[in-house]
Amino acid sequence: MIIEELKDNEIPVIAEIEKLSFSKPWSEENIRSSFNSKSCKFYTAKTDIIVGYIGVSIAADEGYILNVAVRPDFRGRGIGRKLVTFLIEKYADSLRFITLEVRPSNISAVKLYTSLGFEKAGERPSYYSNPVENALLLTKYFNSKLEI
Ligand SMILES: CC(C)(COP(=O)(O)OP(=O)(O)OC[C@H]1O[C@@H](n2cnc3c(N)ncnc32)[C@H](O)[C@@H]1OP(=O)(O)O)[C@@H](O)C(=O)NCCC(=O)NCCS
């Protein structure tokens, strides 16, 4: 498996994985608009097909994970962990922290992030709809930047 930057012609595949993964998926247009923004980067995990992706938005020295998803038939094989680890390693030297929002009921995602050093930083009440749920804010700080 390789991880590389998303290409323009692959956006429909990402939109398809979104539909299979979220109750309120990003549309192809939403993804394309972030893809075209200089502050956002998307990476895909590939075997002979695209099996997952991760998107990050960068503002100064802060990173915000937009979305991570793995094709349902490829879950539980370490791909999600590889995508998040890839992002951590890629940005550990240039960012102060990476943060994200997640549904507390999304046990597999919460376990994945906390096992990689993300810690609870707060909650946003009723952040999600369909169904309504608070968002858990999880943040991973990079030590090198904390010493400054
Ligand atoms: C969350 C998601 C990206 C994880 O991807 P994945 O490839 O299945 O995850 P991995 O196989 O790399 O597992 C990594 C860790 O996640 C946790 N995990 C994964 N599946 C799990 C499950 N069914 N139950 C509990 N924990 C689980 C475990 O901690 C696991 O580590 P371990 O295997 O060492 O125990 C995937 O489930 C997904 O696409 N979900 C739908 C989209 C989503 O919710 N994205 C996150 C939004 S914030």
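## Overall architecture

Starting at the N terminus, the elements of the protein follow the order β-α-α-β-β-β-α-β-α-β-β-α. That makes 5 helices and 7 strands, where helices (H or I, at least four residues) and strands (E, at least two) are DSSP runs numbered from the N terminus. Please keep in mind that this is a predicted model: local features need pLDDT of at least 70, side-chain atom pairs count only at pLDDT 80 or more, and totals for chains, interfaces and linings use all residues. Residue numbers start from 1 along each chain as its sequence is written.

## Size and packing

The C-alpha trace spans about 40 × 35 × 30 Å along its principal axes. The radius of gyration of the protein is 15 Å, which agrees with the value near 15 Å for a compact globule of 148 residues. Here the radius is taken over C-alpha atoms, and the globule rule is 2.2 Å times the number of residues to the power 0.38.

Of the 148 residues, 22% count as buried, a label that calls for 20 or more other C-beta atoms within 10 Å of the residue's own, with C-beta atoms placed from the backbone. Looking at contacts between residues at least 6 apart in sequence, 55% join residues at least 24 apart; a contact means C-beta atoms, placed from the backbone, within 7 Å.

Let's turn to the strands. E2 (residues 40–46) and E3 (residues 50–59) run antiparallel and are joined by 7 bridges; two strands pair if DSSP finds at least two bridges between them. Tyr 43 has Ile 54 in E3 as its bridge partner, and 3 residues lie between the two strands of this hairpin.

E3 also pairs with E4, again in the antiparallel sense, over 8 bridges. In this pairing, Ser 57 has Tyr 64 in E4 as its bridge partner. The hairpin of E3 and E4 has 2 residues between its strands, and Ala 60 in the turn has a positive phi of about 55 degrees.

## Around the ligand

The ligand is surrounded by 20 residues, the closest being Arg 75, Gly 80, Arg 81, Ser 108 and Leu 112.

H4 gives the largest share, 6 residues. By class, the shell has 9 nonpolar, 7 polar and 4 charged residues. Ala, Val, Leu, Ile, Met, Phe, Trp, Tyr, Cys and Pro count as nonpolar, Asp, Glu, Lys and Arg as charged, and the others, Gly among them, as polar.

Conventions
Near = placed C-beta within 6 Å. Buried ≥ 20, exposed ≤ 12 C-beta atoms within 10 Å, placed from the backbone. Contact = placed C-beta atoms within 7 Å.
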